[in-house]
Amino acid sequence: MNEKTLNILLVEDDQVDVMNVRRAFDKNRITNPLYVARDGIEALSMLRSAKVPPARRIILLDLNMPRMNGIEFLRELRNDPALSVTPVVVLTTSNDERDKIDAFNLNVAGYLVKPVTFINFVEVMAALNKYWTLVEFP
């Protein structure tokens with residue numbers, strides 16, 4: 001793994017959306033490792049057990065999931081001293097103002113509403129890739 005490699009954890013319960021993220025990564029030639037958790041509980045387990053390497057990692061988070069939704073996950077993440085500084089970008093279908101406020105109050109790096117078309121989704125992934133290649137990670 002080189003020093004620019006970013007470990008990406010996608011927290012998403014919809015397998016079609018997971019497939020779309022993978023396809024968008026391929027289309028944009030994003031080669032960073034992509035780890036997938038189906039809900040917040042699984043994501044926390046993967047982070048705490050270092051299944052997702054702790055160096056240079058970012059989380060793409062859906063909000064509407066079973067067992068532990070995205071906002072509940074964010075609260076737990078921010079309350080864990082070992083994980084609290086992990087950057088999170090919300091990637092969701094929720095355009096609800098309350099969700100946006102809750103997410104930003106929990107220090108997300110961004111809030112992106114999932115586009116309806118795959119072409120738009122590819123553009124969103126390209127913009128995200130440009131963002132995380134420019135941002136300095138510890």
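Predicted model: local features only at pLDDT ≥ 70, side-chain atom pairs only at ≥ 80, totals over all residues.

Visitor: Why is the contact between Glu12 and Lys114 called a salt bridge?

Guide: The side chains of Glu12 and Lys114 come to 2.6 Å, N to O, and because the cut-off for a Lys or Arg nitrogen and an Asp or Glu carboxyl oxygen is 4 Å, the pair counts as a salt bridge. By this rule there are 8 salt bridges.

Visitor: What makes Lys114 and Asp17 a salt bridge?

Guide: Their closest N and O atoms are 2.6 Å apart, which is within the 4 Å limit.

Visitor: How do you know whether Lys114 is buried or exposed?

Guide: Lys114 has a relative accessibility of 12%, and since buried means under 20%, Lys114 counts as buried. Asp17, with a relative accessible area of 18%, is buried as well.

Visitor: Which residues are joined with Lys114 into one network?

Guide: Salt bridges that share partners join Lys114 with Glu12, Asp17 and Asp62.

Visitor: What makes Glu76 and Arg48 a pair that ties together separate parts of the chain?

Guide: Glu76 and Arg48 form a salt bridge, with closest N and O atoms 3.3 Å apart; because Glu76 lies in helix H3 and Arg48 in helix H2, the pair ties together parts that are 28 residues apart in sequence. Glu76, at 35% relative accessible area, is partly exposed, and Arg48, at 46%, is also partly exposed, since that label covers values between 20% and 50%.

Technical notes
Residues numbered from 1 in each chain as written. Heavy atoms only, no water. Buried < 20%, exposed > 50% of the residue type's maximum accessible area, 1.4 Å probe, protein only. Helix = DSSP H or I, 4+ residues; strand = E, 2+ residues; numbered from the N terminus.
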